[in-house]
Amino acid sequence: MKKVERINIIMRYINNRARFTISEIMREFNISRSTAIRDIREIEAMGMPLVAEVGRDGGYFVMNNSVLPTVRFTDNEIKALFIAFMATRNQQLPYLKSRHSLTEKLLGLLSQNLQEDLVVLNQILRFEGTNPHNPDLLDLSDLPHPVLEKLIQILLSDCYLLVTVKEATEIRSYPIYLLHLYREKSVWLIEGFNLEEENRQIIPVDHLLDVVTYPVKRRESKKKILGKLNKQEEVNNLVVELGPKAITQYKKYHPLHVSISYTNPYQTTALLKMFVNTHHPEELTEITDWLLFLGKDIKLREVPAAISIEIEERLGIYRI
């Protein structure tokens, strides 16, 4: 670990404790006594008000009402931050305006040499969201759905929501308990428990017209909601054995709700178990397409009768 990185970490370690000793710093960061003393002296020189306690059990503590000194980033930390911004262009992420202003502020603080390094990185690196005709470091124009940031802000304190959704030709409002907010296939989705219909529901954020908190007096407890969901869990009706090539494809892409269990310590074979709703044509098509994406290095152990013929014909796989 480089000295600057170590000192930054030690500062945060110190600031989160009422009191510390040299011995504790030595053990925590695996450094010598002389190195620990030099680091503490440098931290004091940077402005952190440390007070030494004299005596056999003496140590240090941070003076009350003190704050951490200005955070300092290494060149590699700055590069990591900008590469993360570049990799997430055109992903419709929330707080886009804040990302844009943060980028501008950081650029204004950097040395000329580091700015030139970032320009070079911007020229040679390409990601899925990069516009090849305008690969500008500040090109962050992929605005998300306007309700997304409001939704996230509410979720920081409350998961009981009253959502207003546009469905086909009608507008509906109903209460949900939000289980997850996730992004799949470039679409933000809400996985929630509908408190009126008492079932699991997936709602595209793009369909939201508004979202507010649901009145406390009309809520069910989280424990009851999870209990109802557990009772409604479907029995797995699709069981697939994956070989090494199929596992490689799985790692490239898989539906969010699909997971595998490795069946050997080398992670070269795995088992996939899931429920496929045979009454939803779109889900059947999606799963069939995805199995095709996995390739021929799979074997079906169990498969719904409604899709077994289609899968076998399209994939040419061996059923056991």
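**Strand hairpins, positive phi values and salt bridges**

Glu198 is found in the loop between β5 and β6 (199-204), where helices (H or I, at least four residues) and strands (E, at least two) are DSSP runs numbered from the N terminus. The structure is a predicted model, in which local features need pLDDT of at least 70 and side-chain atom pairs count only at pLDDT 80 or more, whereas totals for chains, interfaces and linings use all residues. Residues are numbered from 1 along each chain as its sequence is written, and side-chain values use heavy atoms, with hydrogens and water left out.

Although Glu198 is not a glycine, its phi is positive, at about 55 degrees. Most residues other than glycine have a negative phi. With a relative accessibility of 34%, Glu198 counts as partly exposed; in this classification, buried means under 20% relative accessible area, exposed means over 50%, and partly exposed lies in between (1.4 Å probe, protein chains only). A positive phi near 55 degrees is also found at Gln267, likewise a residue other than glycine, which lies in the loop between β9 (260-262) and β10 (270-274). The relative accessible area of Gln267 is 42%, so this residue is partly exposed.

Strand β3 (residues 160-167) and strand β4 (residues 170-184) run antiparallel and are joined by eight bridges, two strands being taken as paired if DSSP finds at least two bridges between them. Within this pairing, Lys166 stands opposite Ile171 in β4. The hairpin formed by β3 and β4 has two residues between the strands, and Ala168 in the turn has a positive phi of about 55 degrees. On β4 there is also an antiparallel pairing with strand β5 (residues 187-194), again through eight bridges, in which Ile176 stands opposite Asn194 in β5. The strands β4 and β5 form a hairpin with two residues between them, and the turn residue Lys185 has a positive phi of about 55 degrees.

The structure holds nine salt bridges, each defined as a side-chain nitrogen of Lys or Arg within 4 Å of a carboxyl oxygen of Asp or Glu. One of them is formed by the side chains of Arg6 and Asp39, with an N to O distance of 2.6 Å. This pair links distant parts of the chain, with Arg6 in helix α1 (residues 3-15) and Asp39 in helix α3 (residues 33-45), 33 residues apart. Both Arg6 and Asp39 are buried.

A salt bridge is also formed by the side chains of Lys79 and Asp117, at 3.8 Å from N to O. Because Lys79 lies in helix α4 (residues 75-87) and Asp117 in helix α6 (residues 112-124), the pair ties together parts that are 38 residues apart in sequence. Lys79 is partly exposed, with a relative accessible area of 23%, and Asp117 is partly exposed at 35%.

Finally, salt bridges that share partners join Glu198, Glu220 and Lys228 into one network.
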